Amino acid sequence: MADAVVSIALERLAAIAEEKVREEVKLVRGVKEEALYLSSKLKTIRDVLEDAERRRYKDKTVQNWLKKLEDVSYDIDDVLDEWNFGALKLHIRRKNMHKVCPFIRSSCLCSHKVLTHRDIAKKMKRLKERVNMILNEKDGFNFVVNQPMDRRESARVQSVSIVDVLDVHGRGDDKEALVNKLIMHEEVGPLVISIVGVGGIGKTTLAQLVYNDERLVNCFELKIWVCVSDVFDEVRIAKAILESVKKESSDLNELESLLSCLKDSIFGKKILLVLDDVWTEDYAKWEPFKNSLNCGAPGSKVLVTTRSERVARMMRTTEIHNLGQLSDHDCWLLMKRVAFDGRSEADNDELQEIGKKIANKCKGLPLAVKVLGSLLRFKDTKEEWESVLDSEMWQLEEAEVDLFPHLFLSYNELSPAMKRCFSYSAFFPKDWVIDVDTMIRMWMALGYLGSTGSTANLELRGKEFFNNLRMRSFFQDFEEDGNGVRCKMHDIVHDFAQFLRKTKRNDQDSKVEEKINASLASQVEEYRSLFCKEELPCELFGFARRVRVLSMSSCKSKDVVRVMEKLIHLRYLDLSNNDELTVQAPRTICRLYNLQTLDLKWCGLKEIPREIRDLTDLRHLDLSCNRLKEIPKEVGNLIQLRYLNLHYNQLIEITKEIGNLVRLRCLDLSRNGDIKELPETICNLSDLQTLHLSHCWHLSRLPEGIEHLVNLRHLDNSLCNVLYQIPQGIKKLTGLRTLRQFYGGRGWSKLGYLKELDQLSGLVELHIRLRDRDDMHEARTARLMNKIHIEELKVFLFCEAIERVESDQVLRNEVALEALAALRPPPGLKRLTIFGYQGTRFPSWISSCLDRVRRLDVRECNYISILPCLGLLPELEKLSVWGMDELKFVGREFLGITGDIKWWSGTSFPVLKKLSFRGCPQWKEWEDVMVGEDEEESSTTVEIMPSLVELEITGCGLTVLPSWLLSKASSLEILTDMSGVPVSEDY
């Protein structure tokens with residue numbers, strides 16, 4: 001981890017040496033020489049860090065040396081921050097003074113400049129002395145230069161296929177699932193199935209259970225078990241496979257000879273090969289084995305265990321089995337077997353309750369259960385057991401010796417920067433729901449992603465780091481929606497991250513801890529971050545002057561911002577949900593010139609000061625849920641901004657200077673109901689990907705140059721109910737994935753604008769005004785059936801214009817039918833709503849093209865007298881028919897039954913769970929198909945609505961239920977307002 005911190009300092013020093021800094025900084029005498037000197041010494045130290053990191057957790061003196069190195073690297077970064085901060089502050093003062101009186105030179109400013117330079121020079125001198133001392137101490141450790149870590153040194157014990165089933169609990173379902181996949185015959189082979197999970201979750205144990213299942217004996221001619229481990233030695237693995245097949249040792253040592261012999265040995269045989277603990281992501285290493293195994297018979301399988309989803313994908317896995325945690329009960333059964341072995345019943349009774357709590361502490365990780373169970377086996381008193389219960393896992397020596405080495409295998413695969421990012425995760429409390437984008441912004445604020453390069457590149461690097469950690473199972477419980485990705489970290493993995501950060505605390509730390517919570521002091525020292533859940537007294541804020549990340553959400557701190565101006569290193573500030581901030585607070589915040597992320601949502605703000613222009617490094621600004629009526633034009637100075645959230649304010653208009661934010665990717669203006677239009681300058685935002693406009697009720701127009709938003713992917717305009725016209729440039733945005741509402745037809749936008757927008761996905765609402773056959777042509781031009789990513793479609797038809805133009809009722813119905821027929825939905829649709837249809841019958845696609853639809857709502861279709869065939873829709877779960885004034889009869893065609901029921905077989909509405917009819921006053925009859933009558937003469941095997949659990953009939957004229965439905969009524973879970981319809985067969 002020290003490598004990552006040293007790299008941060010080196011990047012900053014290189015920027016000075018290469019003169020990529022502000023003019024004021026370059027004026028300091030000797031700065032370039034100082035930067036080059038420190039850079040040279042740090043590079044010399046970095047050459048031995050791989051060896052030092054390897055010895056860090058075994059040698060306390062090395063650990064302390066690395067801590068000194070990390071501290072001085074951070075301090076170099078701090079001094080350069082102060083330097084840069086002072087220069088920027090001077091620049092802003094000059095600019096402001098020039099505006100007031102352009103002809104006056106301020107001797108005060110010159111004096112301040114001299115004092116700042118002297119202070120920086122003294123600090124640089126002290127840093128040189130500390131770096132030299134660290135360099136001298138380095139020689140005493142005899143570190144090996146440029147010696148990469150030998151992963152074999154930490155390799156695990158070789159696994160075998162033998163397992164004691166009595167030592168396994170809670171894996172029955174996993175075993176059955178995998179055995180069923182393995183015995184399933186395939187015409188191709190070998191197919192690869194991978195068990196993926198974090199270290200210690202029990203992947204090898206599960207593979208052993210599966211391998212020894214009796215059902216596999218008759219399924220495979222050959223079963224082979226090979227432990228691969230973290231070094232993919234092709235020759236060793238090929239030998240192991242061959243020796244397992246031939247039951248004798250091999251003298252061959254060339255891979256070519258081994259694989260050739262292997263092909264001959266398995267030719268035409270159905271084999272099961274288990275490759276336990278695979279680490280390599282290099283397909284070139286796996287490909288020769290894959291090609292050799294193709295000589296086996298169809299149906300052959302390869303079962304892989306790995307910690308990384310990347311490995312599973314590399315091996316062309318056909319199915320990944322993500323192995324989950326054990327239940328608390330299964331953890332207890334396993335711990336009981338390990339910890340209570342040989343104890344008397346009396347001992348068991350006294351210690352059982354404590355043991356159950358300790359088992360729960362393992363959070364479903366079998367290896368942790370075994371480690372703690374083994375520890376408890378040698379502890380006899382209640383006090384000793386309670387001590388284990390009260391200890392943090394990372395503080396236990398047994399965890400360090402027996403548990404964490406398994407996690408070190410995954411950890412050592414990471415780059416130094418990724419190691420730093422992973423260990424930072426311990427900053428979050430246990431069981432915390434981590435917002436991934438927020439965590440990446442924190443990494444960026446701390447310099448873990450580098451200090452040079454564009455914001456886009458840093459964010460992309462952060463996402464790559466996270467995905468790498470995710471695929472190595474360091475995170476779990478993922479949730480993903482339109483607002484991003486959230487996840488958690490397993491408690492044991494969190495303990496491991498804390499273990500990586502553990503260091504001895506010095507006397508000064510102890511004095512700090514006398515005044516404040518020890519955990520807060522630890523956060524500042526180890527993470528340069530502070531996460532406060534309660535108000536922090538202002539007088540104790542001095543200890544946090546070095547923080548780069550500060551989260552004080554919901555702390556209700558009135559005065560804390562007053563002293564926050566001293567936090568000049570701050571890059572990330574979250575003060576959300578503090579509605580008691582003073583009026584002066586935003587101005588103070590605007591003097592934190594290094595800020596990259598600022599979150600002020602729900603702070604009761606009524607205005608933003610013009611000084612916000614000075615936060616020129618700001619990349620993420622959240623001002624949502626306040627009382628802002630305007631945004632100052634100075635926001636246009638924030639040219640690094642990539643995210644701007646103004647959701648749920650009281651904005652009336654948007655300043656045209658917003659068009660200066662050319663790097664902006666997300667702009668949220670939703671729930672600002674008084675905005676009527678957007679400035680044309682928004683079209684300058686060529687990088688914009690997401691534009692949120694939902695609930696802007698008075699928004700009536702979009703910028704005419706909308707086609708210039710070439711990267712726009714998401715335009716959420718839901719509940720923009722007067723946005724009747726969208727500029728025709730929308731049709732050029734072929735990458736658009738989200739467009740919630742579209743008004744098409746005479747006097748509105750043309751439906752044909754949608755023709756090329758085939759990437760539209762999720763929910764789409766179409767409000768269509770029909771007048772004549774020209775509108776039918778536009779409906780066909782829209783080509784809805786090609787938009788295969790749409791999952792929910794709502795069609796609202798407004799046909800009043802037809803009624804005024806077409807006096808012939810038949811012609812009017814034909815126009816309505818032709819329009820709806822042209823709007824044939826895409827094949828993957830899951831939910832469909834049709835509202836206001838004025839035809840007398842539905843187009844044929846409603847019965848034949850909705851195979852994936854789960855919910856169908858038909859509303860206010862007042863001219864329909866007979867319902868179409870819907871009973872054969874295979875996935876329909878909910879059906880509602882409301883406001884059908886002309887509906888009089890529901891026949892067997894509705895159920896999908898054709899011809900004589902006696903000779904018809906099948907299931908009608910096979911998965912329908914909820915059926916609702918409302919407002920059908922003329923509906924008097926539901927045809928009774930008489931299922932079961934004259935059974936001796938009938939060959940029918942009809943089943944109608946076997947899954948129905950809820951039935952509603954409200955405001956209808958129906959007086960009798962068909963017998964097949966009447967027989968179900970008493971067993972339904974919900975029976976709503978049957979409007980006088982008898983629901984008992986005895987009625």
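Modeller: Glu792 is buried, with a relative accessible area of 18%. The cut-off for buried is under 20%, so Glu792 falls on the buried side of that limit. Keep in mind that this is a predicted model.

Glu792 has a charged partner. Arg831 forms a salt bridge with Glu792. The closest N and O atoms of Arg831 and Glu792 are 3.4 Å apart. Look at where the two residues sit. Arg831 belongs to strand S22, residues 831–835, and Glu792 to strand S21, residues 790–798. The pair therefore ties together parts that are 39 residues apart in sequence. Arg831 counts as partly exposed, at 25% relative accessibility, whereas Glu792 is buried.

Now to other charged groups. In total, the count comes to 51 salt bridges.

Take another pair from that count. Arg56 forms a salt bridge with Glu70, and their closest N and O atoms are 2.9 Å apart. Arg56 lies in the loop between helix H4 (49–55) and helix H5 (60–100), while Glu70 lies in helix H5, so this pair links parts 14 residues apart in sequence. Both Arg56 and Glu70 are buried.

One further pair is worth a look. Arg337 forms a salt bridge with Asp164, with the closest N and O atoms 3.8 Å apart. Arg337 is in helix H13, residues 328–339, and Asp164 is in the loop between helix H6 (107–138) and helix H7 (172–183), so the pair ties together parts 173 residues apart in sequence. Arg337 is partly exposed, with a relative accessible area of 37%. Asp164 is also partly exposed, at 36%.

Some acidic residues form a surface patch instead. Asp349, Glu350, Glu383, Glu384, Glu386 and Asp390 make up a negative surface patch. Two elements give two or more residues to this patch: helix H14 (345–361) and helix H16 (382–390). H16 gives the most, with four residues. Asp390 is found in helix H16. Asp390 is exposed, with a relative accessible area of 64%.

Next, the strands. Strand S30 spans residues 950–956. Six of its seven residues are buried, so S30 is largely enclosed by the rest of the structure. S30 has a parallel partner in strand S27, residues 914–920, and six bridges join the two. Cys920 stands opposite Cys956 in S30. S30 also pairs with strand S31, residues 974–976, in the parallel sense over three bridges. Here Glu952 stands opposite Thr976 in S31.

Last, an antiparallel sheet. It is an open sheet of three strands, in the order S6-S8-S7. Strand S6 (434–435) and strand S7 (476–481) stand at the edges, each with a single partner strand, so one side of each has no neighbour in the sheet. S7 pairs with strand S8, residues 484–488, over four bridges in the antiparallel sense. Within this pairing, Glu480 stands opposite Val485 in S8.

Conventions
Residues numbered from 1 in each chain as written. Predicted model: local features only at pLDDT ≥ 70, side-chain atom pairs only at ≥ 80, totals over all residues. Heavy atoms only, no water. Patch = residues over 30% accessible without salt bridge, like charges linked within 9 Å, V, L, I, M, F, W, Y side chains within 5 Å. Areas by Shrake-Rupley, 256 points an atom, 1.4 Å probe, with all protein chains shown as cover. Salt bridge = Lys/Arg side-chain N within 4 Å of Asp/Glu carboxyl O. Lys, Arg positive; Asp, Glu negative; His and termini not counted. Charge placed at Lys NZ, Arg CZ, Asp CG, Glu CD. Buried < 20%, exposed > 50% of the residue type's maximum accessible area, 1.4 Å probe, protein only. Pairing = 2+ DSSP bridges.
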